[in-house]
Amino acid sequence: MRFSRPFRPDGDSRLGRLRRWAGTRRGTTVLITLALVLALALPTVAQQWVGAGHKMPQLPPESAIVPAAPKSGDCQYFPETQHNLCGEFRAYWNRTGGLPIHGYPLTEEYYAPELGVVTQWFERSRLEFHPNNPPQFRVLQGHVSREILAILQAGGVGPTATPYPTYTPYPTYTPYPTYTPFPTPTPTPIPPTPTPTTPPVTWTVRMHDGTFNPIFGPVLSVGPYNGYVFITRINIGSGPSNPYTGTLPFSVTCQGDPYVSVTLAELEIINGGTSGDIISGGTGWTGIGGNNRTKTVTTDGLGRATEALTLDPGNLDDGDVVRIQCWQGPFGAGTLKAQIDLVGATLTVQLQDLPGTAQSSTIASGNAADGKLYGRVTFGGSGVNGVPLLLQILNSAPTTNKYLFESRAATGSFACTYTSNPLLSKTTATVAGTPGVAEQDVFWHCPVNAAGIPNDGTFRIYWDRDVSGTITTPDPYGEVTQTASGPIQ
């Protein structure tokens, strides 16, 4: 058959024959029956095909429909519908056409339990979030057309069609109030950085060896005076004596504010014995009467003004007081900022006996104390606490007897070949109501198992002048000995 040839109703073509058959009574009856069957079956088939296995969405909750406030973060707010578009929904919306394809958001995103996913409605689409899908398929479009067709077909002609419920008109529309944007937050002003306040300087005066190490012991309170206690006399029973020969160099430093004018004043507050100058040395000093003098200097960048001076221990007696003052401005007219005293004191050293007969150690056990090494520091007859002393036994001396500051059996490292010189560091304190005392028990150690009176022994007490805990020159000391007549017996 040629398509360019017109159909003829009465031709020999199949269409012609069909037309002639449909014009018969039998043909007409068949066609009417077929039309009725299709009219009844097609709506039901379409409805079943659209809704088969598909979860139908329900009306969004009120919380998703009401106007929302703008959200922060990865969100875009649409004042036209007063809803937000956020996160992966926003990325998909922008990537697949944005406003022309999807329209404005009609709801916030919400979880739809009937669908089992988070969803959001738009003017032309509905988006669903499927978190278990691959990243490129986590956001999918809902089957909106399919759902609309199923809803429409639910009211079509068919043997099981359910009539629509009686129409209830929507209430009169009340427009949403005009959106008022949140005011732009006013940033909290950052307070200005406070200007650091320099703490006030504590002014001090120190006596030292030139490198700020102790040279006259620690600073102590001695009656009304505050400063250094200098052992200028040592009494070992035959009367006090001066243990020094020559003079001692030292430095004095006034420390306060940097680059200010200060006046140093050396004042002999008490000089009751020898009237010679106790402290001398230095240049540029001006005498102000007696052995007193002053000097004006400027502190350095560290606030220090240091002078090298000389102490003559022969002119510093027990009870004497020399004071170094630091004035800001002129002496007497400026401001006294700090001062320190140097007082002369006496160290008394004794070897005392204890009750009972002296008994040396045995090889099985030690023994009880046989004597006591005793020292006391006094200023004008009053005891002074806090003075550092070193107590020593000279077992290395060519003597027959050995001693310890503790009880030991004469065996092992403490056998009678023992020649070590025990040394103890002590600080004067109040003992049995007497201030200024440092004492230690002495044990007769060798020869083994001896009794009676040890016939020799040498003991010393040093003034630990530099507070080092060891004997250094020129730490003065008092030495006492044990003889065949005592004192230990």
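**Entry 1: strands.** I looked up how strand S13 is held in this predicted model, and I found that S13 and strand S16 (residues 304-311) pair in the antiparallel sense over 2 bridges; two strands count as paired if DSSP finds at least two bridges between them. Strands here are DSSP runs (E, at least two residues) and helices are DSSP runs too (H or I, at least four), numbered from the N terminus. I noted that Ile279 has Leu311 in S16 as its bridge partner. I then traced the sheet, which is open, with 4 strands in the order S7-S11-S16-S13 and antiparallel pairing. Its edge strands are S7 (204-208) and S13 (279-280), each of which pairs on one side only. As background, I wrote down that strands of a sheet pair through backbone hydrogen bonds, either parallel or antiparallel.

**Entry 2: what the numbers rest on.** Residues are numbered from 1 along each chain as its sequence is written, and side-chain values use heavy atoms, with hydrogens and water left out. Because the model is predicted, local features need pLDDT of at least 70 and side-chain atom pairs count only at pLDDT 80 or more, whereas totals for chains, interfaces and linings use all residues.

**Entry 3: confidence.** I checked pLDDT, the predictor's confidence in each residue, from 0 to 100. The protein averages 85, and 85% of the residues score at least 70. I marked residues 1-11, where pLDDT stays under 50 and the model has 9 contacts (heavy atoms within 4.5 Å) beyond four places in sequence. For residues 35-47, pLDDT likewise stays under 50, with 9 such contacts.

**Entry 4: salt bridges.** I counted a salt bridge where a side-chain nitrogen of Lys or Arg lies within 4 Å of a carboxyl oxygen of Asp or Glu, and by this rule the count comes to 14. For accessibility, I used buried for under 20% relative accessible area, exposed for over 50%, and partly exposed for in between (1.4 Å probe, protein chains only).

I looked at Glu108 and Lys71, whose side chains meet in a salt bridge at 3.6 Å, N to O. The pair links distant parts of the chain, 37 residues apart, with Glu108 in the loop between helix H5 (99-102) and strand S3 (110-112) and Lys71 in the loop between helix H3 (62-65) and strand S1 (75-78). Glu108 is buried at 8%, whereas Lys71 is partly exposed at 45%.

I next found Arg460 and Glu479 in a salt bridge, with their closest N and O atoms 2.5 Å apart. Arg460 sits in strand S28 (residues 456-463) and Glu479 in strand S29 (residues 477-483), 19 residues apart.
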